[in-house]
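Open the model in your viewer and keep the selection tool at hand. We will go stop by stop.

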Amino acid sequence: MINRYFSRDDSERDVPMLNTSSLPDLIFTVLFFFMIVTHMREVTLKVYYEVPQGTEIQKLGHKASIVQIYVGRQTGSDEFRIQLNNQLSTIDDIKAFLAEERSRMSSEDQSRMTVSIKADRDVPMGMISDIKRALQQDYALRINYSATEKNNLSP
């Protein structure tokens with residue numbers, strides 16, 4: 001009787017096959033979800049900028065509410081230019097640019113909108129001040145300056 005409980009008769013123990021008929025549906029559902037949720041926006045840079053270094057660096061949170069303004073040297077020139085999305089612009093174009101960006105955002109993102117200025121380290125401060133003034137006139141009061149973290153390595 002004891003041998004009956006501990007015997008290893010493989011004919012009585014068949015492992016059932018795993019049903020994978022719903023696996024393709026699950027994979028396509030997850031793929032579809034990520035395609036909907038992912039927000040990819042490519043900007044072709046037409047200005048060259050070298051980001052300054054800073055010590056008090058923080059990462060920005062909600063990416064959908066961030067608007068990028070690039071300021072740097074125009075490719076093939078020494079002149080500093082402003083790039084809004086994929087086109088070179090002037091300070092006068094910032095108001096229309098912000099209105100267009102706000103119309104694309106949800107109401108929650110509009111209240112959290114942050115303008116991130118990615119400027120070259122050699123851009124004249126007068127140009128940055130003009131950009132800030134244009135942003136303030138359009139009530140874009142959350143302004144972020146992009147920088148890389150400064151390494152405090154002693155030689």
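Predicted model: local features only at pLDDT ≥ 70, side-chain atom pairs only at ≥ 80, totals over all residues.

Residues are numbered from 1 along each chain as its sequence is written, and side-chain values use heavy atoms, with hydrogens and water left out.

**Stop 1: the pocket.** Select P52, I117, A119, D120, R121, V123, M125, I128, Y145, S146 and A147. They line the second largest pocket. A pocket is an open set of points on a 1 Å grid over the protein atoms alone, where a 1.4 Å probe fits, with protein on both sides within 12 Å along at least five of seven lines; lining residues have an atom within 4 Å of a point. Its volume is about 190 Å³, taken as the space filled by probe spheres set on the points. Colour the lining by class: 8 nonpolar, 1 polar and 2 charged residues. Here Ala, Val, Leu, Ile, Met, Phe, Trp, Tyr, Cys and Pro count as nonpolar, Asp, Glu, Lys and Arg as charged, and the others as polar. β6 (114–119) and α5 (125–137) each supply at least two lining residues. Helices (H or I, at least four residues) and strands (E, at least two) are DSSP runs, numbered from the N terminus.

**Stop 2: helix α3.** Select residues 94–104. Which residues of α3 are buried? I94, F97, L98 and E101. They share one side of α3 because they cover an arc of only 95° around the axis, using directions from the helix axis to the C-beta atoms. Turn to the opposite face for exposed K95, A96 and S103. The cover over the buried residues includes β3 (66–74), β4 (80–84), β6 and α5.

**Stop 3: D109.** Move to helix α4 (residues 107–111) and pick D109. D109 is buried, at 9% relative accessibility. Beyond four places in sequence, D109 is in contact with H62, A64 and S65 (heavy atoms within 4.5 Å).

Stop 4: N85 has phi near 55°, and Y139 about 60°. N85 is buried at 17%; Y139 is exposed at 67%.

Definitions and conventions
Buried < 20%, exposed > 50% of the residue type's maximum accessible area, 1.4 Å probe, protein only.
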